[in-house]
Amino acid sequence: MPSKHPLPSYLHADSLGPWGSYLQQIDRVAPYLGSLSRWIETLKRPKRILIVDVPIKMDDGTTGHFEGYRVQHNTARGPAKGGVRYHQDVTLSEVMALSAWMSIKNAAVNMPYGGAKGGIRIDPRKFSRNELERVTRRYTSEIAIIIGPNIDIPASDVNTDEQVMAWMMDTYSMNIGQAATGVVTGKPVSLGGSLGRREATGRGIFTVGCEAAQHIGLDIASARVVVQGFGNVGGIAAKLFVDAGAKVVAVQDHTDTIYKPSGINVYALLEHVSAQGGITGFSGAESLANDDFWGIESDILIPAALESQINEQNASRIRTKIVIEGANGPTTPNADDILRENNILVIPDVIANAGGVTVSYFEWVQDFSSFFWTEDEINQRLKHVMREAFASVWQVAREHTVSIRTAAYIIACKRILMACEMRGLYP
Ligand code: NAD
């Protein structure tokens with residue numbers, strides 16, 4: 001039956017893009033929400049969308065223009081929170097989906113935040129450090145009207161690192177005339193960043209990976225792991241699995257796909273990537289055609305690059321036991337169904353990669369109280385949050401005989417919609 005309140009055209013799921021995937025995920029959870037489902041339309045519309053022009057003076061004296069976005073999906077449970085991505089293919093629809101997944105993620109692991117995401121359509125590899133600093137500062141000034149330590153707190157994401165967060169923090173602070181460390185997370189430790197933040201997402205992936213492995217009787221110490229994306233998330237996760245005895249047999253990034261059945265030396269690969277900017281040219285493994293990556297047999301597959309990487313074209317070729325979603329939205333809904341039919345356990349992004357926002361929350365709390373915790377304290381608390389979240393979704397999945405993803409959405413949507421109901425509609 002057509003809705004009485006049709007969505008504005010830019011919110012339609014008529015393309016198979018990330019926003020379309022998100023809407024399908026929401027439709028799948030609706031039957032489990034009971035009377036709260038009357039608020040579900042709220043989740044299908046971002047609360048606030050800001051598109052900004054980011055003009056900067058280029059090194060050659062000309063003026064460059066870049067398109068920037070900040071989307072606040074939902075703030076029923078607290079200030080908006082989510083990263084900022086620099087990528088040449090960033091689109092509004094992608095940022096909308098990423099902001100919505102942040103709402104779901106924050107609620108799924110019970111962080112007191114809503115969801116947001118930002119992005120700039122730029123390939124940072126093509127610009128100088130000075131140009132990137134000017135882009136970052138102008139973008140921050142343009143979105144300053146809707147961010148703030150109690151309003152919306154950006155963080156790092158694809159192609160944005162601690163330095164970018166430091167520039168954002170400084171720009172916002174200069175504009176308001178005081179140091180506002182809590183306006184972004186993922187900052188350098190010297191600027192109010194948290195110990196353990198850089199490793200947090202990978203560490204969270206490792207924690208839920210161990211929990212999932214235990215549930216299906218897989219021994220991590222003899223597991224074969226394949227990883228797509230060898231940046232902050234994939235690189236750290238790979239290292240932690242290797243430290244636990246597992247073998248990383250294949251890695252893919254934007255430059256190459258490499259394979260070594262006896263196990264890649266992940267430490268050497270991390271050094272190579274930090275020097276060369278990608279895995280290509282690494283001498284310790286054989287190079288494969290990119291498409292062959294999806295057919296490699298493994299026990300654990302970690303997509304840790306971009307959205308929609310596991311799709312109808314490759315899902316049926318995947319031979320693994322557990323998919324741990326390091327990236328946001330790496331699996332399309334149709335591919336999700338294929339993996340489930342093939343008995344592959346999927347630990348969804350909104351749980352699996354929540355370690356990052358969890359330690360971001362710790363960073364924010366530390367900034368507010370100006371009292372900093374030890375790395376050991378951070379890691380222990382992180383492990384506790386991840387294990388609790390995993391246990392809850394596992395139980396709900398069993399109760400309703402649904403996937404872990406739908407279980408996570410049931411928990412998260414109930415929390416968000418309960419907050420909407422309690423707050424009521426203003427005015
Ligand atoms: P990053 O910039 O550090 O690394 C991205 C990696 O993806 C790089 O290795 C790059 O080569 C690879 N990549 C890019 N395009 C690719 C392609 N077409 N095919 C294969 N590989 C490709 O980014 P990151 O912070 O590691 O983020 C990776 C994913 O994890 C993103 O989806 C991000 O939203 C998600 N995530 C990040 C965090 C965090 O704390 N950084 C937290 C939660 C989720």
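Ser-370 sits in the loop that joins helix H10 (355–369) to helix H11 (375–400). Please bear in mind throughout that this is a predicted model. The phi angle of Ser-370 is near 50°, a positive value in a residue other than glycine. Is Ser-370 buried or exposed? With a relative accessibility of 57%, Ser-370 counts as exposed, because the cut-off for that class is over 50%.

A second residue belongs beside it. Asn-110 is not a glycine, yet its phi is positive, at about 65°. This residue is found in the loop between helix H2 (92–108) and strand E4 (115–121). The relative accessible area of Asn-110 is 43%, so the residue is classed as partly exposed.

I turn to the peptide bonds. The bond from Tyr-426 to Pro-427 is cis, with omega near 5°. Pro-427 has its place in the segment after H12.

The largest nonpolar core has 97 residues. Those with the most contacts inside this core are Tyr-22, Phe-241, Ile-300, Ile-302, Ile-324 and Ile-347. Which element gives the largest share of the core? Helix H12 (residues 404–423) does, with twelve residues. Domain 1 (47–178) and domain 2 (198–352) both contribute residues to the core, and therefore the core lies between them.

The backbone nitrogen of Ile-300 is 3.2 Å from a polar atom of the Thr-320 side chain. A polar atom of that side chain also lies 3.1 Å from the backbone oxygen of Asp-299. Thr-320 belongs to the loop between strand E10 (300–303) and strand E11 (322–324), and at 10% relative accessibility Thr-320 counts as buried.

I come finally to the ligand. How many residues surround the ligand? There are 21, and the closest are Asp-157, Thr-201, Phe-230, His-254 and Asn-328. By class, this shell comprises seven nonpolar, ten polar and four charged residues. Domain 1 (47–178) and domain 2 (198–352) each supply at least three residues to the shell.

From Arg-85, a polar side-chain atom lies 2.9 Å from a ligand oxygen atom. The backbone contributes as well: a polar backbone atom of Phe-230 is 2.8 Å from an oxygen atom of the ligand, and for Gly-326 the corresponding distance, again from a polar backbone atom to a ligand oxygen, is 3.4 Å. On its own the ligand has 830 Å² of accessible area, of which the protein covers 86%. Helix H5 (197–216) and helix H6 (232–243) are the elements that give two or more residues to the shell around the ligand.

Thank you for your attention; I am glad to take questions.

Definitions and conventions:
Residues numbered from 1 in each chain as written. Predicted model: local features only at pLDDT ≥ 70, side-chain atom pairs only at ≥ 80, totals over all residues. Heavy atoms only, no water. Near = heavy atom within 4 Å. Polar contact = N/O pair within 3.5 Å; in protein donor to acceptor, adjacent residues only side chain to side chain. Areas by Shrake-Rupley, 256 points an atom, 1.4 Å probe, with all protein chains shown as cover. Helix = DSSP H or I, 4+ residues; strand = E, 2+ residues; numbered from the N terminus. Nonpolar A, V, L, I, M, F, W, Y, C, P; charged D, E, K, R; others polar. Domains from an automatic or database assignment. Core = buried A, V, L, I, M, F, W, Y, C linked by side-chain atoms within 4.5 Å. Buried < 20%, exposed > 50% of the residue type's maximum accessible area, 1.4 Å probe, protein only.
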